[in-house]
Amino acid sequence: MAQTQTSTTAWTALVLGAVLALSSGPGMAQSKPKALLRKPAPMAMPAPVDPVLTERDLDVAARVHVGTFPCDLGSTVRLESDTQANGFFHLHLNKDRYRLHPVESRTGAIRLEDPLQGVVWIQLGNKSMLMSQKLGRRLADECMGEQQRQVAEALKTNPAPSLFEPLPTPPAAAATTTGCNRNPESQPLTSGVETC
């Protein structure tokens, strides 16, 4: 009987231990101090730091057309210089506002970017456009200031040559071509008949 009583006591201790372990587990409500229940305050985003503009960037900024540009589909873009920071610009499209800075372009086009909002303003000789890199589409197209409108009109009457067609040969160059690679001054003709 002593053995039965010992095994019953051990069994009871085991069951009580399991019950206590389960009652303090994650499924049971526990009282926590209110300070631990509150969500931490959101961290404020640090103010964006303006990139340092190089001399080339400032040269690009000097060529930017500012003003109000009517665009396709009745939209209007207003581009103005930032009076507080040399080389920076503010662009307004409807209720959207962007802060742009020049970025050097390999194509020669004037390129202004707002990296935080993912937009790019491209200024060509005959038009400008605002593109969203995040959305992958143009926000405004065919935007033209007065100088760009004049270039666009000139291109209508005198279009640029096609990239896929050969350039015409100037008449002076065609007349001097003999089809022979011999330099007549360095190699005189011996028989009077030119052979190549």
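Throughout this walk, buried means under 20% relative accessible area, exposed over 50%, and partly exposed in between, with a 1.4 Å probe and protein chains only. The model is a predicted one, in which local features need pLDDT of at least 70 and side-chain atom pairs count only at pLDDT 80 or more, while totals for chains, interfaces and linings use all residues. Residues are numbered from 1 along each chain as its sequence is written, and side-chain values use heavy atoms, with hydrogens and water left out.

Let's start with the overall layout. The chain has five helices and eight strands, taken as DSSP runs numbered from the N terminus (helices are H or I, at least four residues; strands are E, at least two). Reading from the N terminus, the order is α-α-α-β-β-β-β-β-β-β-β-α-α. Of the 196 residues in the chain, 24% are buried. The chain exposes about 15,400 Å², and carbon and sulfur atoms supply 59% of that area; accessible areas come from the Shrake-Rupley method with a 1.4 Å probe, and for residues only the protein chains shown count as cover. Among contacts (heavy atoms within 4.5 Å) with a separation of 6 or more, 31% join residues 24 or more positions apart.

Now step inside. A nonpolar core is a set of buried Ala, Val, Leu, Ile, Met, Phe, Trp, Tyr and Cys residues joined through side-chain atoms within 4.5 Å. The largest one here has 19 residues, and V77, L79, L91, L100, W121 and L130 touch the most other members. Two or more residues come from each of α3 (55–62), β2 (76–81), β3 (89–93), β4 (96–103), β5 (110–114), β6 (119–123) and β8 (137–143). With three residues, β3 gives the most to this core. Leaving aside neighbours within four places in sequence, L100 is in contact with residues including L79, L91, D114 and W121.

That brings us to D114, in strand β5. D114 is buried yet has no salt bridge, and the nearest side chain of opposite charge, K134, is 7.9 Å away. Here Lys and Arg count as positive and Asp and Glu as negative, with His and the chain ends not counted. The side chain of D114 does reach the backbone nitrogen of Q117, at 3.3 Å. Beyond four places in sequence, D114 is in contact with Y98, R99, L100 and V119.

Side chains of opposite charge can pair when their charged atoms come close. A salt bridge is a side-chain nitrogen of Lys or Arg within 4 Å of a carboxyl oxygen of Asp or Glu, and by this rule the count comes to nine. In one of them, D82 meets R99 with the closest N and O atoms 2.9 Å apart. D82 lies in the loop between β2 and β3 and R99 in strand β4, so this pair ties together parts 17 residues apart in sequence. D82 counts as buried at 9% relative accessibility, whereas R99, at 27%, is partly exposed.

A further pair is K127 with E142, whose closest N and O atoms are 3.4 Å apart. Since K127 sits in the loop between β6 and β7 (128–132) and E142 in strand β8, the bridge ties together parts 15 residues apart in sequence. K127 is buried at 14% relative accessible area, and E142 is partly exposed at 29%.

Finally, K156 and E153 meet in a salt bridge of 3.5 Å, N to O. Both lie in helix α4 (residues 146–157), three residues apart, about one turn of the helix. K156 is exposed at 64%, while E153 is partly exposed at 43%. Elsewhere, salt bridges that share partners join K127, R138, D141 and E142 into one network.

How values were computed. Polar contact = N/O pair within 3.5 Å; in protein donor to acceptor, adjacent residues only side chain to side chain.
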